[in-house]
Amino acid sequence: MSDQPFPIVKPFLKTLSLYPENQEAPIEFIQTDTLDARLFFRRNHFSYPSLSYSNYWLPLGGSVKTPLLLSTQDLLRLPSKTLKVVLECAGDKRSFFETKVFGEQWENGAISQGIWKGISLRSLLERAGVREEAKEVIIEGYDYGERKDFDQVFTYSRSLPIEKALHSDTIIAYEYNHKPIPFKHGYPLRLIVPQWYGMASVKWIKQITVIDSHFTGPFQTVDYVYYPNKENNNEAFPVTTIHVNSTIQKPLNRDTLNTGTHEIKGIAWTGKGRVIKVEISTDNGKTWIEAEITADQSRYAWTSWSFQWTVAEKGEYTIMSRATDSYQRIQPSNPFWNRKGYGYNAIDKVMVKIE
């Protein structure tokens with residue numbers, strides 16, 4: 001027999017597409033509340049950009065009194081703040097919609113979190129002097145490519161309403177988990193917009209522009225819009241704040257277990273307030289029992305929870321989790337269906353067999 005120890009088995013990302021690269025975090029196997037960068041989900045619209053880090057400057061202009069041109073060193077000298085923030089792709093859980101929709105078929109791994117350090121966007125806007133007529137702030141990334149629906153090339157650009165841009169916790173980040181942000185997650189600078197879906201947290205920031213109108217780029221007015229109707233664009237409205245949501249990490253879907261006591265555990269999160277309750281049902285929603293919140297929740301982080309389930313009878317069971325936040329938003333039984341499949345937050349379910 002060999003004296004060599006068995007190799008350590010590690011979780012890895014699940015690939016949805018290669019060009020552009022889109023990969024899910026192995027959320028069922030995450031044991032900590034911050035993810036190593038190699039396990040952080042990847043969501044791209046285009047190929048990775050080519051950047052010259054040695055000559056990186058950040059311009060801030062538009063409807064301001066004093067346009068700025070800042071080097072990386074200039075930014076590092078400014079007062080910083082550190083935030084633990086959950087980022088969830090707006091398409092997270094898209095594959096679970098009953099009437100299927102087109103787009104990347106994310107399951108439950110388009111979500112990750114960690115510790116971001118950077119400078120408040122507000123501090124730069126105040127330094128530049130935002131004019132009174134300003135309405136939005138455009139953040140443009142270096143990533144670009146052709147969109148088939150327009151047959152032309154665009155950069156990935158998004159805008160924030162001036163109020164959100166001026167929120168003190170909207171930051172231009174340069175570190176993730178106390179190290180420089182990895183290139184695939186936006187190095188050298190990316191925006192972090194707590195409580196909003198991840199499309200707002202633009203990577204590889206190229207420039208910032210204050211405007212006195214409404215931005216009409218395709219990632220603002222075509223994508224990341226809720227379209228409630230399949231046949232037309234009536235009643236459409238923008239994707240912004242994260243819905244209250246939860247995910248069961250353990251047991252795994254379609255697991256086979258013995259009779260006895262088993263731990264049900266998972267995470268819950270929200271874009272408004274904080275998670276105040278997570279409930280579990282093992283009888284198809286007839287009764288709900290409150291789970292234990294097992295970790296203190298930072299303002300913008302997910303909440304870990306657990307529940308001890310004792311089961312004596314063999315058979316098939318559906319385990320359900322339902323979160324409630326401090327604004328009394330509760331996970332619904334059915335998701336808000338929309339044509340592009342954003343914001344899925346129906347009660348989470350896994351099926352297990354007891355033998």
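I began with a strand pair: strand S7 (residues 136-147) and strand S12 (residues 205-211) run antiparallel and are joined by six bridges. Strands here are DSSP runs of E with at least two residues, helices are runs of H or I with at least four, and both are numbered from the N terminus. Two strands count as paired if DSSP finds at least two bridges between them. I also looked up Glu136, whose bridge partner in S12 is Ile211.

A note on what I am reading: this is a predicted model, where local features need pLDDT of at least 70, side-chain atom pairs count only at pLDDT 80 or more, and totals for chains, interfaces and linings use all residues. Residues are numbered from 1 along each chain as its sequence is written, and side-chain values use heavy atoms, leaving out hydrogens and water.

Next I traced the sheet. I found five strands in an open sheet with mixed pairing, in the order S4-S3-S12-S7-S8. Its edge strands, S4 (68-71) and S8 (152-161), each pair on one side only. Helix H2 (residues 121-128) packs on the sheet and touches S3 (57-62), S4, S7 and S12; contact means heavy atoms within 4.5 Å.

Last, I checked how the lining of the largest pocket divides by class: 10 residues are nonpolar, five polar and 12 charged. Nonpolar means Ala, Val, Leu, Ile, Met, Phe, Trp, Tyr, Cys and Pro; charged means Asp, Glu, Lys and Arg; the others, Gly among them, are polar. A pocket is an open set of points on a 1 Å grid over the protein atoms alone where a 1.4 Å probe fits, with protein on both sides within 12 Å along at least five of seven lines, and lining residues have an atom within 4 Å of a point.

Note on methods
Axes are lines fitted to C-alpha atoms, for helices over the stretch in contact, and angles run from 0 to 180 degrees between N-to-C directions.
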